[in-house]
Amino acid sequence: MSPARTLATAARVLRQLRHDPRSIALMLLVPCVMLFLLRYVFDGSPGTFDNIGASLLGIFPLITMFLVTSIATLRERTSGTLERLLAMPLGKSDLIAGYALAFGLLAVVQSTLATGLAVWFLGLDVIGSPWLLLLVALLDALLGTALGLFVSAFAASEFQAVQFMPAVIFPQLLLCGLFTPRDHMAPALEAISDVLPMSYAVDGMNQVLRHPEITGDFVRDALVVAGCALLVLGLGAATLRRRTT
């Protein structure tokens with residue numbers, strides 16, 4: 001793995017995204033718009049926004065980064081760009097790390113905007129540090145990036161990439177504890193939720209929401225989300241093919 005090649009790949013991806021304003025708008029603005037709408041949907045019950053706003057602050061970046069990354073990467077596969085890149089002296093790890101770095105930089109901007117909007121403009125009541133919220137939101141966005149890179153290897157078209165969302169994201173959304181505490185679910189569903197990374201993303205946000213200091217559970221949740229992102233990136237490199245179909 002060469003740092004120079006990784007940085008060159010990241011720079012190329014960022015140059016391409018600069019000419020795709022719709023993708024940039026989806027990544028940067030949609031989470032903010034969704035949080036804004038959510039706040040005023042519950043305008044008469046601000047406590048409800050406080051209860052679920054922190055969780056959704058992590059979920060929205062994960063979903064948008066998953067969509068954009070999977071479609072953008074698949075576009076490179078189907079256009080033949082990926083095949084030409086892999087024909088050069090460019091390792092799979094360089095390529096995956098370059099993509100992750102480029103989208104990770106955008107994830108930093110996205111998470112900063114969404115966290116700042118929720119805490120300082122929409123009045124999300126957080127007992128812990130807003131910087132910890134930002135950390136978890138960033139880890140969630142990076143996890144969405146990793147998942148998008150991974151599933152793009154199994155899709156033959158952009159439409160199929162979008163179809164992976166119900167299979168990969170929706171079960172996690174239902175079982176992460178957003179709608180009901182996980183310990184109130186059926187034992188089988190609770191056991192499944194214990195191995196899904198989004199569950200730890202939501203738990204991490206709730207730890208910041210309810211505790212003024214860094215707890216052991218928060219550290220565990222952050223490490224699990226970060227570890228899952230690294231694991232999925234490794235799987236993405238392992239499934240990267242040198243020939244497009």
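Student: Which element gives the most to the lining of the second largest pocket?

Tutor: This is a predicted model, in which local features need pLDDT of at least 70 and side-chain atom pairs count only at pLDDT 80 or more, while totals for chains, interfaces and linings use all residues. Residues are numbered from 1 along each chain as its sequence is written, and side-chain values use heavy atoms, with hydrogens and water left out. On a 1 Å grid over the protein atoms alone, a pocket is an open set of points with protein on both sides within 12 Å along at least five of seven lines, a cavity is a set of points where a 1.4 Å probe fits but cannot get out, and lining residues have an atom within 4 Å of a point. Helices are DSSP runs of H or I with at least four residues, numbered from the N terminus. Here the answer is α11, which gives five residues.

Student: What is the volume of the second largest pocket, and which residues are the closest to its centre?

Tutor: A volume is the space filled by probe spheres set on the grid points, which are joined across faces, edges and corners. The second largest pocket has about 210 Å³, and G177, V202, D203, N206 and R210 are the closest to its centre among the 13 residues that line it.

Student: How is the lining of the largest pocket divided by class?

Tutor: Ala, Val, Leu, Ile, Met, Phe, Trp, Tyr, Cys and Pro count as nonpolar, Asp, Glu, Lys and Arg as charged, and the others, Gly among them, as polar. The lining of the largest pocket has twelve nonpolar, three polar and no charged residues, whereas that of the second largest pocket has four nonpolar, five polar and four charged ones. The largest pocket has a volume of about 270 Å³, and α12 gives the most to its lining, with six residues.

Conventions. Helix = DSSP H or I, 4+ residues; strand = E, 2+ residues; numbered from the N terminus.
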